[in-house]
Amino acid sequence: MQWETVIGLEIHAQLATDSKIFSSSSTQFGSAPNTQANAVDLGMPGVLPVLNREAVNMAVKFALATNARIGKRNVFARKNYFYPDLPKGYQISQMALPIVGEGEVEIELEDDVKKTVGITRAHLEEDAGKSVHDLFHGQTGVDLNRAGTPLLEIVSEPDMRSAKEAVAYARKIHSLVRYIEICDGNMQEGSFRCDANVSVRVSGSEKLGTRAEIKNLNSFRFLERAINFEVERQIDIIEGGGEVVQETRLYDADRDETRSMRSKEEANDYRYFPDPDLLPVEIEDSLIEALRGQLPELPDQRCARFISEHKLPAYDAGVLTADKATADYFEAVLKQSGAPAKIVSSWVTGELFSRLNKDGLELTASPVDEHRFSGLLARIHDNTISGKIGKDILDKMWASEDEADHIIDKEGLRQISDSSELEKMIDDVIAANPSQLAEYRGGKEKLLSYFVGQVMKASRGKANPGQLNQLLKDKLKG
Amino acid sequence: MAVDEDTVRAMAHLARVQIDPDRVAGYATEMSNVLALAEQMEEVDTSDVEPMAHPTHAVQRLRDDVVLEGNEREQFQEIAPETNDGYYLVPQVIE
């Protein structure tokens, strides 16, 4: 039997505000427990929530970036449930009238295939606190620093048909929220969290199967693996004559499996109702236009421009524009170095990225900034050094504050383009290899590369390759 | 709409309210009566009335995104039943 996978994602993006959504406590990550939880966050009697303007602005920016309908009149509601890290006994969220309505994003699949994924809605809500179960014997510790941190919950349509598509969509949203600077996207710190709703059905069937919701997916790799595991599990159940149970499952990365979170699933009954402490929020058209004016060039537009303006292949343009910092770095180097786009692209995505990966660094923390990197590429572009020497210089720049020019001068790495100097080296090499010379002249032209290698070695890699080839061919002819 | 005894027990559970089993039937009747009172409104045609989220016609005022609160943990934890190492302690929550 052929099975079709159906996936929808719920993404919680923590909004990058300084203060909380309904109180003026700090949202800084990593502070000592409960040092950023005030009376509002603690749900003390008599307090009232006051909405953060910036959280509203950020949600509107997201709507604009996804061509979504803006809830010009949106309403906060209480979602009621009991848990120790939710002191009020309800989470302030949005239900019937969210701030962001239907929108869409385009994802790129293999072989340049594009697909549109629908966004059902996105709403503002407050985060809960954090429960710590393993620090105190027989007790649970509660840290409310995170309580009240603004979240934008982005709900997709069940439009994805494979784990790969789900990852492509999640990466797209991740890229977007970072571009428009509403979320730092840090998955380790929980600033960007994914829950996946997964179900399977017989291919061609219109009816959706029973879904399981998988939580705790804090990396794109885990998202992909968890969905693949879950799909196999559900198919096994159905093919074995069983039925999939609608439930919440937790992904365990160590065992690479999903597990039921509760043995007895209680029917969720959150008894939503409009929060009487908060008035409806109205979004004026003038605000929408002002925020539209603040949006940067978005990844799709920038990618298209990199292809048309910089003449880059679609793949390169996609890699360079997935992240705003990378695209900015690339364009700065392109401008400052004067080197062609294709060369800058291959040096940024190749040499620079491999060194960053090796050291586990983000581009923003790169030891070599765009200015010094430009200095290096400028010298490669004007033939002062070869690409091979350039890589050695980059290693030295990585470990120091030196400019490329300084290293080139200090170590005498300037490419030898003086033809008399090169000619002398070539003469010496030819004189030292009489038998190879005879073979070459006898028709074994493959030996040219042997001579190139010998001269390169004699010049310690500094011979200008183009010039060397030409001169060598002339001399070998005799 | 009538409220049956199971619904009364379910609501009590969701609200974490302990109720006397002998009084469940009485609660069901009382709640049904309240709902019946409200149901009278269904006779009014509201098809062209916007749902109301708040009785006043005002809109939400917004706050600037500025941190104004400092660390007052010590003061808040004075009234907590149990704390340790900065955490509020509660009975073990088993997932």
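Q: In this predicted model, which strands of chain A does helix H2 lie across, and at what angle does H2 run to E6(A)?
A: Helix H2 of chain A spans residues 163-179. H2 lies across strand E1 (3-14), E6, E7, E10 and strand E11 (192-202) of chain A. Its direction relative to E6(A) is about 115 degrees.

Q: Which strands stand at the edges of the open sheet of chain A?
A: The sheet has 8 strands in mixed pairing, ordered E6-E7-E10-E1-E11-E12-E13-E14. An edge strand here has a single partner strand, so one of its sides is left without a neighbour in the sheet. That applies to E6 (103-108) and E14 (257-260).

Q: By how many degrees are neighbouring strands of this sheet turned against each other on average?
A: The value ignores strand direction. On that basis the average is 30 degrees.

Q: How many bridges join E7 to E10 in chain A?
A: Strand E7 covers residues 114-126 and strand E10 residues 150-156, and the two run antiparallel. Glu125(A) stands opposite Leu151(A) in E10(A). The bridges joining E7 to E10 number 7.

Q: Are H7(A) and H8(A) parallel, antiparallel, perpendicular or oblique to each other?
A: The axes of H7 (residues 324-337) and H8 (residues 341-359) come within 10 Å and cross at roughly 130 degrees. H7(A) passes H8(A) in a right-handed crossing. Angles over 145 degrees would count as roughly antiparallel and 65 to 115 as roughly perpendicular. The two helices are therefore oblique.

Q: How do the residues of the contact of H7(A) with H8(A) divide into nonpolar, polar and charged?
A: From H7(A) come Tyr329(A), Phe330(A), Val333(A), Leu334(A) and Ser337(A), which meet Ala341(A), Val344(A), Ser345(A) and Val348(A) in H8(A). The division is 7 nonpolar, 2 polar and no charged.

Note on methods
Residues are numbered from 1 along each chain as its sequence is written. Chains are lettered from A and ligands numbered from 1 in the order in which they are written. This is a predicted model: local features need pLDDT of at least 70, side-chain atom pairs count only at pLDDT 80 or more; totals for chains, interfaces and linings use all residues. Axes are lines fitted to C-alpha atoms, for helices over the stretch in contact, and angles run from 0 to 180 degrees between N-to-C directions. Helices (H or I, at least four residues) and strands (E, at least two) are DSSP runs, numbered from the N terminus. Angles under 35 degrees count as roughly parallel, over 145 as roughly antiparallel, 65 to 115 as roughly perpendicular and the rest as oblique. A crossing is left-handed if the near helix is turned anticlockwise from the far one by less than a right angle, and right-handed if clockwise. Two residues are in contact if their C-beta atoms, placed from the backbone, lie within 7 Å. Ala, Val, Leu, Ile, Met, Phe, Trp, Tyr, Cys and Pro count as nonpolar, Asp, Glu, Lys and Arg as charged, and the others, Gly among them, as polar. Two strands pair if DSSP finds at least two bridges between them.
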